[in-house]
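Here are my notes on the model you sent. They start with the chain as a whole and then turn to two residues.

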Amino acid sequence: MSSRNKKKKKFADYVLSWEPSVPVAVVEAKDNTVGVSHGLQQALSYADILEIPSAFSSNGDAFAGHNKVPEPGEDIETDFPLTDFPAPQVLWERYKNFRGIKDEDEALVLQPYHEEASGKEPRYYQVEAINRTIEAIANDQRRVLLVMATGTGKTYTTFQIIWRLWKAGEAKRILFLADRNVLVDQTLVNDFKPFGSVMTKVRNRKIDPSYEIHLGLYQALTGPDESDKIFKSVSPDFFDLIVIDECHRGSAAADAAWREILEYFSAAIQIGLTATPKETKYVSSTAYFGEPVFTYSLKQGIDDGFLAPYKVVKIDIDRDVEGWTPPPGMTDDLGAEIDAREYNRQDMDRILVLNQRTKLVADRVMQLLKATDPFSKTIIFCEDIDHAERMRKAIVNAAGPLALENPKYVMRITGDSVEGKAELDNFIDPESKFPVIATTSELLTTGVDAKTCKVIVLDKTISSMTTFKQIIGRGTRIDEEHNKYFFTIMDFKGATDLFRDPDFDGNPVVIYTPGDDDDPVPPDPPDDPDDDDDGPDDDDPTGSKKIRVSGVDANIVAERIEYLGPDGNLITESYKDFAKKQVLSEYASLDEFIRTWNDAEKKQAIIEELEEYGVLLENLAAEVGKDFGDFDLLCHIAYEQPPLTRKERADKVKKRNYFTKYGDQARAVLSALLDKYADEGITTIESAKVLKLQPFDTIGTPMEIINDVFGGKDGYEQALRELEQQIYKQADVI
């Protein structure tokens, strides 16, 4: 079961740019069977996304235009001849007016991006984030906050910002600050690599002034003693620009030790990056950096097709939801009497350890993996290090032969484990098969780019929205190369109830804003076991304070699956019922659906259209059966037709002796395509890449098959269409 994100990206017909990655206008082109302004609303929607002032529509006979910054007395919308389209300079002046760019700032605003040798270009929202930041700095804004959901490329975006400021001479010495070594090392060897020899990592508690780009840990620059504060070894005006990664963590608190670095270099431009701006009574990202100059949310990323959607498997355990009270006089595994009170979900693995409960969770996780892919990268978030170690052992036992074949099938990756942390790079490397499963507490909640992670297990009490967003972010990256388009969340502790919180994807609300003369700083907030955003991963490694009980059963009493719907909310009704409503709203009758399906040049187009409405064939296959094709799944759930498996359809085609009209080689190709359909489905045989696969390579290259066997592209496509007609003959349906 899944929620694949192969959404069609939004494409404007034409985006006009003053310079590369500086869009100034959008044009939608229609044919002359419609009015000149027919595409203007569509153009405006794209202009709003790009935050540009000029939108145009044309039907080939004339233009219609919308100007968001009209001169006094000038109409907002006008029609004009094709020969009167505004000159580029006019559109650029409009853009400058709309964005508040002064003439003297043009050189900085138009400083070119770094061009990748691979041809990689920033996505539209990255362009907007970069341009907004550069424009804010051009307007003398010294504190800038960027909010971008995990997986949307914050570090690449940051690199382009720094590159342009550095090349323009606006910032000569730059410091990139993070709070974890893995974040610094990933940045150094990946996105920041083009800086080359002018870049260094702060090592051996020394800032080397011979370098221009410095990457460092907060902890390497400061500490409790004055001798630890090596940032003071250079003058306060040494750095022109400081970028603070994951700024919702240490730098958000007014009295944080790390804040003193920022205050020492207060004259520098400071850019804060976060997926989760933190706003509590005592900790505020926006109070320090100001309101975000740009925000790109998880919901928007999923809606645009850049981030992976998810399904939620919510699992209730009897001892969690019903509570557990020990009988009078009951002792734990060490012989100590257990307090006679009710223990609930929040107590599990924090105070009370029920060994059977741990085993139950591990068994259920392995049940899901074995039913889908036992080698799907999985992170299990536990209450603390002790819980993570017990979960590791329970997974080893539940995995059985998988763990025997490779002792690194599951690893505990926590702050105290040298062996576990040594495997972190392998866990996040898409090319490394092992470790498959990581049990952790805090170490993997933020910043670790595990883009092939397909399963996130929550056996951890979470009430902090910041922590929740960061954890969910471990699964949101899409990796097309490794077929990762969605991820699954297994929730044993009700953490995903936070999805229903309006703050999950909304803007933070500042509860406390320090005044200019606030002194002393606000007191430390009281200890809150549920808000562990900034806590190190070393809480109670021995678990010595816990009550451990081996002889108490634990059972799953309820389980339900929720899917992410097209409106961004979780679908809690039967997925089959939801899908049926969506299909019927698009195709009112079985005849209409069959006619549309048969007429479609590629069936993938219908599948993608239904995906836009939240109808995902993998989800239906999980409920109805994995051996049925897309056509049969849709006919079955929407029109109550008895489905045929792909193999049954393929066998029917073979029995008709349909292939006899073709020569030997063409028959071999079409027979192999039919077998591919039976094994993998219609989208596989419609793909242009199918002829590169086995067994076609024994027949010839794709070009040889198309040209020599079928007489060219038209002949091959005609033969493929006829094969599909045979597969979906109407007599087989009703």
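1. Of the 734 residues in the protein chain, 54% count as buried. The model is a predicted one, and this share should be read with that in mind.

2. The secondary structure of the protein chain consists of 27 helices and 22 strands. Counting contacts between residues at least 6 apart in sequence, 73% join residues at least 24 apart.

3. Val690 sits in a loop, with α25 (682-686) on one side and α26 (702-709) on the other. Is Val690 buried or exposed? Val690 counts as buried because its relative accessible area is 1%, and the cut-off for buried is under 20%.

4. Which residues does Val690 contact, leaving aside neighbours within four places in sequence? They are Leu673, Lys676, Thr684, Ile685, Phe696 and Tyr716.

5. Glu722 belongs to helix α27, which covers residues 713-727. Not counting residues up to four places away in sequence, Glu722 touches Tyr658, Lys661 and Tyr662. With Tyr662 there is also a polar contact, side chain to side chain, at 2.9 Å.

Methods: Residues are numbered from 1 along each chain as its sequence is written. This is a predicted model: local features need pLDDT of at least 70, side-chain atom pairs count only at pLDDT 80 or more; totals for chains, interfaces and linings use all residues. Side-chain values use heavy atoms; hydrogens and water are left out. Helices (H or I, at least four residues) and strands (E, at least two) are DSSP runs, numbered from the N terminus. Buried means under 20% relative accessible area, exposed over 50%, partly exposed in between (1.4 Å probe, protein chains only). Contact means heavy atoms within 4.5 Å. A polar contact is a pair of N or O atoms within 3.5 Å; within protein, one must be able to donate a hydrogen and the other to accept it, and residues adjacent in sequence count only if both atoms are side-chain atoms.
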